[in-house]
Amino acid sequence: MMPTQLATLLSLILVTLPTFAQRGRCGTPEPKAGRFTSVPADCGYFTNAPQPEYEPSFFYDVPVVFHVIENTSGDGFLSPATIQDQIDILNEDFQAIAGSPGAPGTDGKIRFHLATTDPGGSPTTGITYSTNNNWFQDSGNYWNSLAWDTNRYLNVYTNAVPCCYGYVSGFPSQGIAGQANDRVVLWWEAVGRDPTPGWPLNMGRTATHEVGHYLGLYHTFCGGCGSAANCYSTGDLICDTNGESTATLGCPMFKSSCGNSDPIHNYMDYTDDPCLWEFTPEQVNRMRCTLPNWRPDLFVTVAAQEVVRLGTPPNPNALRPGVSSPPLAGELWDPVVDHTTFEPGAIADYLLLSFGPTELALGPTGTLLCLPPFPLLSSNLSPGTPFALAVPNDAGLLGISFCVQAASLIPGVQIRLTNALDCIVGN
Ligand SMILES: [Zn+2]
C-alpha cells in the first residue's frame with residue numbers, strides 16, 4: 001500500500017457519520033504486501049484478468065454459518081428469521097433477482113444458504129449463539145473457539161464491532177482460506193432486512209459489501225483513480241468500474257472524480273444501502289474466479305438450467321413423471337428419474353434432498369447421496385438403474401417433505417441434475 005492509500009483508508013475509517021460518529025462503513029484493510037501467492041493471476045492480489053471460463057454459466061452454491069455473539073445484557077440477539085432475511089438479501093444482490101432491490105445489478109449466479117450440516121455431519125440450523133462481553137466488542141480471538149472449517153463454510157460473525165459496519169480479516173488471494181480467523185464480521189444492527197432504530201437505511205447491504213471482499217473484490221476507490229490504461233493492475237483491478245478518487249458517503253444524485261462519473265451505486269463503494277444495487281460483470285468474473293482458485297472447498301456447482309432444492313419453501317418447479325400419488329408409509333417407492341441428459345461416461349447417482357432430518361433408508365440399488373449441501377458423491381449408478389426408496393413404516397410419522405433427483409458428476413467438478421421428483425411421506 002502506498003502511503004497516500006493508507007492515509008485515505010485511515011481518513012475513511014475515521015470519517016464522521018451523522019448518527020454513529022465512531023463507526024466507519026467498512027474496516028477491511030486495503031490490499032497490501034503480505035502473505036499471498038502470486039498465481040493464479042486471473043484473480044490475483046495485484047492483478048486481474050477476466051476469462052470466459054469465469055462467466056456465470058452455472059451456479060456456485062456456498063454454505064454459510066452465522067455466529068451470533070451477544071453480551072450479558074442481551075444486546076446482539078438476532079432471530080433466525082432476521083438471519084434468513086440476510087441470506088435472502090445476499091441471494092438477491094449476487095443474483096440480481098428480478099423484483100428485488102438488487103435487480104438492477106449483474107446476475108453472478110452465486111448463491112448462499114445457511115449450512116444444514118455442521119462440520120461433524122450433524123443437522124444444524126447454520127446459526128450458533130454465544131454470550132461473551134469481550135467477544136461482543138470484537139475482541140478476544142473468538143474465532144479460535146467458534147469457527148467452523150473455514151475451507152468449507154463462509155463464517156459470518158455478528159457483534160458490536162466498534163470500528164465499522166463490518167469487515168473481512170483478509171483477502172482470499174492472501175491464502176486466508178482454511179485459517180481460523182478467515183471471516184466476515186458484521187455489526188449486529190446492520191444485519192437483515194428490517195430497519196434498525198438509529199439507522200433507517202439498513203437494507204442488509206453491509207453483508208453484500210463484505211462478502212464481495214470475501215470473494216476477492218476491493219473498494220471501487222481502492223488506490224484512488226488508478227490508471228484507465230492499466231485498469232487490471234491498478235485501482236480496484238476492475239475495468240468496468242469507473243475510477244474513483246474517494247469513497248462516496250450518503251446518497252448523492254451524482255458524483256464525479258477522475259474525469260468520469262463515480263460508481264456510486266456499486267456495492268463496493270460506501271454509499272448508503274438504498275443507493276447500492278450492483279456488481280459489474282467484471283466484478284462477478286473476479287468473484288467467480290476467486291471461488292475455484294482461492295476457495296476451492298467452499299462450494300458446490302450446479303448447472304444453471306437445473307433446479308436444486310435447499311431449505312424451505314421448496315422450489316415450486318417440481319416434476320413428477322410416473323408418480324401418480326405420493327408413496328405411503330411402509331411402501332416401497334421406485335421413482336423414475338430421467339437420465340437422458342447425462343453425458344456419456346459421467347458418474348451418475350441419486351440425490352435426495354430432505355427439508356428436515358430423516359431416517360429414510362434407500363433400496364439396494366440406490367445410494368443416499370446427501371442431505372444438502374451435497375457432502376458426498378458416493379457411488380456409481382448406470383443411467384436407468386432401478387431405484388427403490390423404503391419409506392419408514394412409522395405410524396407416528398407426521399410427514400417428511402423431500403425430493404429426489406439424479407446427479408451426474410462431470411470431470412471438472414460440475415454437477416448436473418436431472419428432473420426432480422417431489423414427495424411427501426407420512427400423513
Ligand atoms: Zn469494504
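The buried residues of helix 2 are covered by elements that include strand 1 (58–70), strand 2 (110–114), strand 3 (127–131), helix 5 (205–214) and helix 6 (281–294). Contact here means heavy atoms within 4.5 Å. Helices (H or I, at least four residues) and strands (E, at least two) are DSSP runs, numbered from the N terminus. The model is predicted: local features need pLDDT of at least 70, side-chain atom pairs count only at pLDDT 80 or more, and totals for chains, interfaces and linings use all residues. Residues are numbered from 1 along each chain as its sequence is written, and side-chain values use heavy atoms, with hydrogens and water left out.

Helix 2 covers residues 80–95. Buried residues (under 20% relative accessible area, 1.4 Å probe, protein chains only) include Ile83, Ile87, Leu90 and Phe94. Gln86, Asn91, Glu92, Asp93 and Gln95 are also among them. Just after helix 2, Ala96 has a positive phi of about 50°.

A zinc ion is coordinated by Cys26 (SG), His209 (NE2), His213 (NE2) and His219 (NE2) at 2.0 to 2.1 Å. Donors are N, O and S atoms within 2.8 Å of the metal (3.2 Å for Na, K and Ca); water is not among the atoms, so sites may look incomplete. The angles among the 4 donor atoms are 97 to 121°. The site is therefore tetrahedral (four donors, all angles between 85 and 135 degrees). The donor spacing is C-x182-H-x3-H-x5-H. Cys26 lies in the loop between helix 1 (3–13) and strand 1, and His219 in the loop between helix 5 and strand 7 (256–257), 193 residues apart. Cys26 is buried, at 1% relative accessibility. His219 is buried, at 1%.

Definitions and conventions
The expected span of a helix is 1.5 Å times one less than its number of residues. Buried means under 20% relative accessible area, exposed over 50%, partly exposed in between (1.4 Å probe, protein chains only). Four donors count as tetrahedral if all angles lie between 85 and 135 degrees; four count as square planar and six as octahedral if opposite donors are over 155 degrees apart and all others between 65 and 115; anything else is irregular.
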